[in-house]
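Please open the structure in your viewer and keep the selection tool at hand.

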Protein chains: 2
Amino acid sequence: MALIVMKFGGTSVGDVERIKNVAKRVKGEVDAGNKVAVVVSAMSGVTNQLVDYVTSITPLYDTREYDVVVSSGEQVTSGLLALALQDLGVSARSWLGWQLPVKTDKAHGKARILDIDCSDALKCMDAGEVVVMPGFQGVTADHRVTTLGRGGSDTSAVALAAALKADRCDIYTDVDGVYTTDPRIVSKAKKLHRITFEEMLEMASLGAKVLQTRSVEVAMKHNVRLQVRSSFSDEPGTMVVNEDEIVEQELISGIAYSRDEAKITLVGVADQPGVAARIFGPLADASINVDMIVQNISEDGKSTDMTFTVSKTDMTRAVDVVKKHAAEFGYQELKSDPNVVKVSVVGVGMRSHAGIAQRMFQALADKGINIQVISTSEIKVSVLIAEEYTELALRALHTAYGLDAEG
Amino acid sequence: MALIVMKFGGTSVGDVERIKNVAKRVKGEVDAGNKVAVVVSAMSGVTNQLVDYVTSITPLYDTREYDVVVSSGEQVTSGLLALALQDLGVSARSWLGWQLPVKTDKAHGKARILDIDCSDALKCMDAGEVVVMPGFQGVTADHRVTTLGRGGSDTSAVALAAALKADRCDIYTDVDGVYTTDPRIVSKAKKLHRITFEEMLEMASLGAKVLQTRSVEVAMKHNVRLQVRSSFSDEPGTMVVNEDEIVEQELISGIAYSRDEAKITLVGVADQPGVAARIFGPLADASINVDMIVQNISEDGKSTDMTFTVSKTDMTRAVDVVKKHAAEFGYQELKSDPNVVKVSVVGVGMRSHAGIAQRMFQALADKGINIQVISTSEIKVSVLIAEEYTELALRALHTAYGLDAEG
């Protein structure tokens, strides 16, 4: 007998028939003798509708009231799933964020879970009842509703699994696992049977949309065994596990890409101590996240070029901020380019192997793809290239690292 | 400066533009120096959609989970109205049923409010903040969500007004007040400036849909000054007040009708002590409400005819229950007829005047309308007639009691 947390995304609970199917799947785990807690998203489309209501009332909204509105979608599906389970003869009840409670900080709209009090829920599970919890929502110490940010239901599920000391946390979604790269672009992409937390974290933050980044962080911290699998098939999915559980590690696990990048270059910036702080301080103050940063070697020792990337939606604002503070650091020219993509190869194997980055650069050079910016970490190499080369680069790299499926 | 509770129904908050209009109306009261609490329904159509979800999952549902699902509609509008008020520069926040809290009993799906704790909300109102409360919802002592039954938001508003000791409770709706009868049927119907609690209670329970019956009971008990008015015009509406506030009382205030009636007749029932209990006991056990009851005088002293009415939706079930228990009381024939209407004249004036009922019977006789069942109370006379005579009867009675508007 195991204690399992099952999480179903918006597509999996998209209508009444699908909610009934989810109930059957949950019943399967109960019939197999497991204790089960379920975390559900809102029906697909509902959260967007609620956000639309809020922004059409006022673009500058009080995030506390935003949370009251947008948290309602998950409330509905949790009640409906409890009813669908009861209809199959499975004892079940919903536990809203404030009922358990799921305690969070006060960062409304993107709150962090501090603690989930499972004592009452555990008693019900011991008595054979399925616990159904709406994802995405929590409550502050002063009893106000919070939400965890888009995709937050993944984090709800992992945090609940940690609090319940669950044997496994299964994330049911509309894809059947984590792939070596996007199978819509690279037909030879393979489903991974296992991937390490560190790799999954890089993949998620580099653009693979299968799991919310924060949920992987929480899983890694609390050592929650995560599985990503399809709610529409019985195939096993991808297990996200500790590195020591993987005996024979591939050099590279996957290739991620993100089109949500824009490049800004300041030509002829004065090459003085403190200039980077004067450029990036105002951007940080404006809550604009800067990702990759490259400073070219100055030829004359007096000026340099500074290139950095921001999220595509922040580009116009970032350019404004830089122009407004131009007097503080000076530059000759400002260029911006939204037509770029960040491609990253990820794998814990690269820690112990030389030449991983070199193989990437060579593969791209062979296809005539120019690399604009490079950034590396212990387990990933990212490059910025022109967006039009996305598919070509992904396929070339997938082959170069020997990831192509056979046949 | 007054303390006012304003309640807006589903049509009044039917979309974002209407919610913004409601915010303007609330701001008007705030700008006039009043302290304001607002109670909102769900957007029109939303509660029906949520009920549909529940019943399409299972027709026999756990009312505790039903309440979790259907209470979400009011949560959305309360958050949106708070945002719309803030957008106009009015300080406001939403207070959900569990946040105030609105304490109810455990009769999920049709809970009764036991107490509303306004201490925190009052502090905010004293500091100039508008309190926005979702109607229809509450919470039990063991922290489960409840709803108050359809139309329950009226009761939420009146109960909040009582708890806040408000000077007035304004119910904004899609009609501009209480009329002497349905103006869609009788073009000469007049808007009443004032009506007593007792009359409003009879009108509501006899089919006038303008206020939930329970809300009038609560208003009467706590002496809450109620006003029914339109959210789409600035005209004053109808005040529901204590009898002693009305100096010159009309004999009859209004004529109500209900098509939600069905007649069942048992012919040749044994005329013995206890037979009524044996007939109506099983109906009560099946939660079927019996309204009018008439037992004819038995001619032979051995058998009698028993006629009673139930809600149209309960007719088939009621017939089943009676047939199942037939052996316990016996009858020769069972007749049922859904094509009936109950027409009632209501007025506190009839307590001190004779001949009110007689005038009704005469007016109907003059039009050749046969009366099937009669029932009376201190301030109303109801008759059951064939449904096809509804409009004819209403117009005849409206004229007979001198209620027709001039010109």
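**First stop: two helices in contact**

Select helices H7 and H8 of chain A: A:Phe197, A:Met200, A:Leu201, A:Ala204 and A:Ser205 of H7(A) meet A:Thr213, A:Val216, A:Glu217, A:Ala219 and A:Met220 of H8(A). By class, the residues of this contact between H7(A) and H8(A) comprise 7 nonpolar, 2 polar and 1 charged. Please bear in mind throughout that the model is predicted.

How are the two helices, H7(A) and H8(A), oriented towards each other? They pack at an angle of about 165°, and their axes are 9 Å apart. Angles over 145 degrees count as roughly antiparallel, and H7(A) and H8(A) are therefore roughly antiparallel to each other. The crossing in which H7(A) passes H8(A) is left-handed.

**Second stop: the sheet of chain A**

E10(A) pairs with E12(A), residues 238–241, in the parallel sense over 3 bridges. To see one of the partners, select A:Arg194, whose bridge partner in E12(A) is A:Met239.

Now extend the selection to the whole sheet. In chain A, 8 strands form an open sheet with mixed pairing, in the order E3-E6-E2-E1-E9-E11-E12-E10. Which strands stand at the edges? They are E3 (92–94) and E10 (194–196) of chain A; each has a single partner strand, so one side of each is left without a neighbour in the sheet. On average, neighbouring strands of this sheet are turned by 20° against each other, direction ignored. Strands of a sheet pair through backbone hydrogen bonds, in either a parallel or an antiparallel manner.

Move to chain B and select strands E9 (residues 168–173) and E11 (residues 226–230), which pair in the parallel sense over 5 bridges. Here B:Asp170 stands opposite B:Gln227 in E11(B). B:Val228 has B:Thr238 in E12(B) as its bridge partner.

**Fourth stop: where the chains meet**

Display both chains. Their contact takes 29 residues from chain A and 29 residues from chain B. On the side of chain A that touches chain B, helices H1 (16–31), H2 (46–57), H3 (63–70) and H4 (72–87) of chain A each supply at least two residues. H4(A) gives the most, with 11 residues. By class, this side of chain A has 15 nonpolar, 10 polar and 4 charged residues.

A rotation of 180° with 0.0 Å of shift along its axis superposes chain A on chain B, with an RMSD of 0.2 Å. The two copies are thus related as by a two-fold rotation axis. Select A:Ser72, which comes closest to that axis of the residues of chain A, at 2.8 Å (C-alpha). Of the interface residues of chain A, 100% are also interface residues in chain B, so the copies meet through the same surface.

**Last stop: backbone details in loops**

Most residues other than glycine have a negative phi, and most peptide bonds are trans. Select A:Leu100 and A:Pro101: the peptide bond between them is cis, with omega near -5°. A:Pro101 is placed in the loop between E3 and E4 (102–104) of chain A. In chain B, the bond from B:Leu100 to B:Pro101 is likewise cis, with omega near -5°.

Finally, select A:His143, which has a positive phi of about 65° although it is not a glycine. A:His143 is found in the loop between strands E7 (137–139) and E8 (145–147) of chain A.

Definitions and conventions: Residues are numbered from 1 along each chain as its sequence is written. Chains are lettered from A and ligands numbered from 1 in the order in which they are written. This is a predicted model: local features need pLDDT of at least 70, side-chain atom pairs count only at pLDDT 80 or more; totals for chains, interfaces and linings use all residues. Two strands pair if DSSP finds at least two bridges between them. Helices (H or I, at least four residues) and strands (E, at least two) are DSSP runs, numbered from the N terminus. Axes are lines fitted to C-alpha atoms, for helices over the stretch in contact, and angles run from 0 to 180 degrees between N-to-C directions. Two residues are in contact if their C-beta atoms, placed from the backbone, lie within 7 Å. Ala, Val, Leu, Ile, Met, Phe, Trp, Tyr, Cys and Pro count as nonpolar, Asp, Glu, Lys and Arg as charged, and the others, Gly among them, as polar. Copies are superposed by least squares on the C-alpha atoms of residues with pLDDT of at least 70 in both. Angles under 35 degrees count as roughly parallel, over 145 as roughly antiparallel, 65 to 115 as roughly perpendicular and the rest as oblique. A crossing is left-handed if the near helix is turned anticlockwise from the far one by less than a right angle, and right-handed if clockwise.
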